[in-house]
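Visitor: I have a sequence and a model to look at. Can you walk me through the labels and what backs them?

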Amino acid sequence: MRFDLAGFARDGTLGDHAALMRLVERADAQGYGGIWFNEFHFRRAGLPYPHLPLLGAEILGRTQRLRFGTSILVLPLHHPLMLAEQIAQLDFQSGGRVDVGIGRGTEPATFDRLGIDPGTARDRFDEALTVMLRAWTEPRVTSDGPVWPFAETEVGPPPVQRPHPPVFVAGVSEGTVAVAARHGFPLLLSLEPNEARQLPVFRDALRRFGAGPGPMAASSLSRYVLPAPTEAAAMAALDRLTEVLNARRAARAAERGQPPAPPRDRAAMLKGFAIAGTPKACRQQIEALIDRTGCRNLRCFFDANGLIPMPQAEAAMTLFATEVMPAFEGYRVPPVPDLLAGAEN
């Protein structure tokens with residue numbers, strides 16, 4: 001079982017860079033598996049890390065075992081040779097501690113600023129992924145496009161992880177999920193909305209491609225995580241977060257001219273969005289989540305994307321690491337099918 005961190009440096013959690021570096025060093029010492037960051041561009045306030053490889057280089061240089069993940073890299077925005085080279089270099093520098101979350105992107109304004117037609121996102125995604133996988137696994141690669149044609153090219157250094165750094169796919173549509181299943185890649189499962197729409201589509205696709213249980217087990221779930229020494233303290237924290245989330249969801253619906261979604265209560269949060277309670281209760285909730293989904297990776301949003309103050313989030317991190325994570329050391333992830341074999345199906 002792997003427990004990762006996510007949500008830091010999002011929205012209200014800007015803080016200073018040194019504080020984030022202290023947090024990743026603490027996470028490394030506490031035994032967390034990795035930390036994930038999202039790619040967003042052209043927003044000066046609230047999102048300080050638009051270029052993930054730059055951030056990853058420092059995090060990986062400051063830690064010994066913590067992995068660095070992208071959730072996600074928006075493939076249609078990047079020349080795949082350059083991106084494959086940057087990731088290969090990070091993998092080399094870190095001794096093989098990079099996870100590559102990829103997707104098509106959901107920010108039309110970014111495509112507009114770069115002069116990219118959003119309607120071409122799927123074709124650009126497919127072509128970029130093909131080029132990157134070949135660049136990591138073949139001595140030389142060529143392409144006749146149509147988006148990125150180029151002559152025979154070496155891309156290096158060779159990745160430490162073979163055949164390449166692990167790839168996770170973010171997506172809800174049947175087409176994107178089928179890409180993951182066809183290659184045997186796990187999914188990055190979303191939090192808002194949660195994984196309820198993704199898992200049935202992924203299970204069907206895995207059966208079609210004969211991928212076995214590995215990709216589902218390696219897929220990464222997301223939850224707000226609120227452990228506390230007492231049940232009362234945990235439920236009070238969950239109720240505060242629920243109130244803020246309901247208000248934020250209503251405000252965003254109003255901005256879009258949409259009717260507000262029904263507000264969630266404590267039961268709805270515990271059913272599909274949060275793990276909260278004493279360490280014993282958290283362990284039981286995680287066991288139930290594993291049984292229900294088959295997934296054995298969890299991205300923990302201790303700060304709820306900036307909605308929970310950092311001192312409280314860091315205290316929850318420590319409690320979770322010392323009293324919850326050790327109970328899952330014996331949980332094993334089934335092997336993920338070999339990429340090249342899966343690609344031939």
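Guide: First, a caution on annotations: UniProt positions follow the numbering used here, feature names are shortened, and an annotation may be inferred rather than shown by experiment. Also, this model is predicted.

Visitor: What does UniProt place at residues 16–292?

Guide: The UniProt record, an unreviewed entry, places "domain: Luciferase-like" there. Over residues 16–292 the chain is 49% helix and 15% strand. The end C-alpha atoms of that stretch are 39 Å apart.

Visitor: Why is the pair R140 and E152 called a salt bridge?

Guide: The cut-off is 4 Å between a side-chain nitrogen of Lys or Arg and a carboxyl oxygen of Asp or Glu. The closest N and O atoms of R140 and E152 are 3.8 Å apart, so the pair qualifies. R140 sits in the loop between α5 and β5, and E152 in strand β6, twelve residues apart. A search of the whole structure finds 15 salt bridges.

Visitor: What makes E154 a partner of R140?

Guide: Their closest N and O atoms are 3.1 Å apart, and they form a salt bridge. E154 lies in the loop between β6 and β7, 14 residues from R140.

Visitor: How do you know which of these residues are exposed or partly exposed?

Guide: Exposed means over 50% relative accessible area; buried means under 20%; partly exposed is in between. E152 has 58%, so E152 is exposed. E154 has 54%, so E154 is exposed too. R140 has 43%, so R140 is partly exposed.

Visitor: What does the salt bridge between R266 and D239 tie together?

Guide: The side chains meet at 2.6 Å, N to O. R266 lies in helix α10 and D239 in helix α9, so the pair ties together parts that are 27 residues apart in sequence. R266 has a relative accessible area of 36%, so R266 is partly exposed. D239, at 31%, is therefore partly exposed as well. Elsewhere, salt bridges that share partners join R2, D4, R67 and D99 into one network.

Visitor: How do you know the span of α7 is close to what is expected?

Guide: Helix α7, residues 198–209, has twelve residues. From its first C-alpha to its last, α7 reaches 17 Å. At 1.5 Å a residue, 16 Å is expected, and the value is close to that.

Visitor: Why say that the buried residues of α7 line one face?

Guide: Q198, L199, F202, A205 and L206 are buried. Seen down the axis of α7, these buried residues fall within an arc of 130 degrees, so they line one face of the helix. The general rule: an α-helix has 3.6 residues a turn, so residues three or four places apart point the same way. The face of α7 turned away from the buried side carries the exposed residues R207 and R208.

Visitor: What covers the buried residues of α7, and what comes just after the helix?

Guide: The cover includes α6, α8 and α11. Just after α7, G210 takes a positive phi of about 65 degrees.

Visitor: Which residues touch the most other members of the largest nonpolar core?

Guide: F3, Y32, Y224, F302 and F320, out of 104 residues in that core. The largest share, nine residues, comes from α5.

Visitor: What is Y224 in contact with, leaving aside its neighbours within four places in sequence?

Guide: Among its contacts are L191, L241, L245, M269, F273 and I275. E192 and R248 are also included. Contact here means heavy atoms within 4.5 Å.

Methods
Residues are numbered from 1 along each chain as its sequence is written. This is a predicted model: local features need pLDDT of at least 70, side-chain atom pairs count only at pLDDT 80 or more; totals for chains, interfaces and linings use all residues. Side-chain values use heavy atoms; hydrogens and water are left out. Helices (H or I, at least four residues) and strands (E, at least two) are DSSP runs, numbered from the N terminus. Buried means under 20% relative accessible area, exposed over 50%, partly exposed in between (1.4 Å probe, protein chains only). The expected span of a helix is 1.5 Å times one less than its number of residues. The arc is that of the directions from the helix axis to the C-beta atoms. A nonpolar core is a set of buried Ala, Val, Leu, Ile, Met, Phe, Trp, Tyr and Cys residues joined through side-chain atoms within 4.5 Å.
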